[in-house]
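Biologist: Could you put the model up and take me through the labels you use? I'd like to hear what stands behind each one.

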Amino acid sequence: MNWASKELVGASTAMLVLGVLKQGASYGYDIVRQINEQAEGAFTWQEGTIYPILHKLEKKGLVQCRWQESPTGRRRKYYSLTVEGRAALRDGVRQWELFDQLMIRLAGVNHA
Amino acid sequence: MPEQLDEAALKQIRQITQELARQQGLSDDDAEEIGGHLEDKLLAYFRGETRITLEDALLLARAHFGDVAGVAKQVSHKRYLPEPRWTRHQTIVKTAIATAVSTFIVLPGALLLFGDPPRGSFHPMLVAATIIFAGLGVLESGVLLAARADLKSPSQRLIAGLFIVPALAVLVMALIGGIGAVSAHWDMATRGGYAMIAFVVLVCLFGHAMLLLLLSHPIQDDSTSNVPEQQLA
């Protein structure tokens, strides 16, 4: 059962994708698979939505892509982080941490 | 479990991506990327790597079941209801025809039997007959229009009613005039003739009253048979 609100997921999509790509280059299907797997039911991405996000990140220069042939002979478009992408991810993580602390202070969020 | 999709599956995926590319104006690269995604997804299902969700399973179950609405209609309790002998539309048409035939044949016939032969200028009998035919023309137009009207449509019922109601008034007035025309020589008329005119008047009024009643009480369209097509075949 999905429990994360659409707004919350929507605000974190770029970060999630960048986070996956931090582990290494990957392609659209595999990125969605990893995110849905890690989410453990918190939300489920509609798979097609990954491509507009990836293309947007590519335009911003945060990711780069290359076509690569798979062992079965099929071509896949692999995405990987650029230097700017790594910096954006670090900055984003920092923002989330600060926001998390703010939520603990103001909204009484208790991790314990 | 297949490691690769067969040519038929690949062909279908190519068709989907080509259609998408055409509709959305995608570049060849984008179309290839989306096609690759679909291939990965299909393979993951075949290999059991992706578990089918409840939504997926429901879609599949429904797709494999076939025409759910059609089957539901066949097994519905409605199939056991007796089929109405006549539909509402047929009832109106038959009543309209019976009423039209009775008025067009019997009424002028009765007037001819009991009227005077024309003398000189316009005979009251001729005037009465003309008025009657004019009234009947309007009346039967309304009746037949009502028979063909969409009974669910208030406007169409109203139009049909607008033909019928004034025509009924004309008919009654013409009948009174006709009786007046023949009453000058009433001594020639028999009790049977008078009873015949009275009977015709009653039949006409009853028939048209029945039509008005049918038109004023719209019911669910029963012109569609509730018997499955397979049973009718």
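Modeller: Let's start with α2(B), which gives the most to the lining of the largest pocket, with eight residues. This is a predicted model: local features need pLDDT of at least 70, side-chain atom pairs count only at pLDDT 80 or more, and totals for chains, interfaces and linings use all residues. Residues are numbered from 1 along each chain as its sequence is written, chains are lettered from A and ligands numbered from 1 in the order in which they are written, and side-chain values use heavy atoms, with hydrogens and water left out.

Biologist: Which residues lie nearest the centre of the largest pocket?

Modeller: Asn36(A), Thr44(A), Glu47(A), Lys41(B) and Thr50(B), out of 36 lining residues. The pocket's volume is about 1,300 Å³.

Biologist: What makes one space a pocket and another a cavity?

Modeller: On a 1 Å grid over the protein atoms alone, a cavity is a set of points where a 1.4 Å probe fits but cannot get out, while a pocket is an open set with protein on both sides within 12 Å along at least five of seven lines; lining residues have an atom within 4 Å of a point. Points are joined across faces, edges and corners, and a volume is the space filled by probe spheres set on them. Of the 14 residues lining the largest cavity, the closest to its centre are Tyr27(A), Arg76(A), Lys77(A), Glu33(B) and His37(B). Here too α2(B) has the largest share, five residues.

Biologist: How do you know that β2 and β3 of chain A pair?

Modeller: Two strands pair if DSSP finds at least two bridges between them. Strands β2 (residues 63-69) and β3 (residues 75-81) of chain A have seven, in the antiparallel sense, so they count as paired. Val63(A), for one, stands opposite Leu81(A).

Biologist: Why is Leu8(A) called partly exposed?

Modeller: Buried means under 20% relative accessible area, exposed over 50%, and partly exposed in between (1.4 Å probe, protein chains only). Leu8(A), in helix α1 (residues 6-22) of chain A, has 43% relative accessibility, so it counts as partly exposed.

Terms used: Helices (H or I, at least four residues) and strands (E, at least two) are DSSP runs, numbered from the N terminus.
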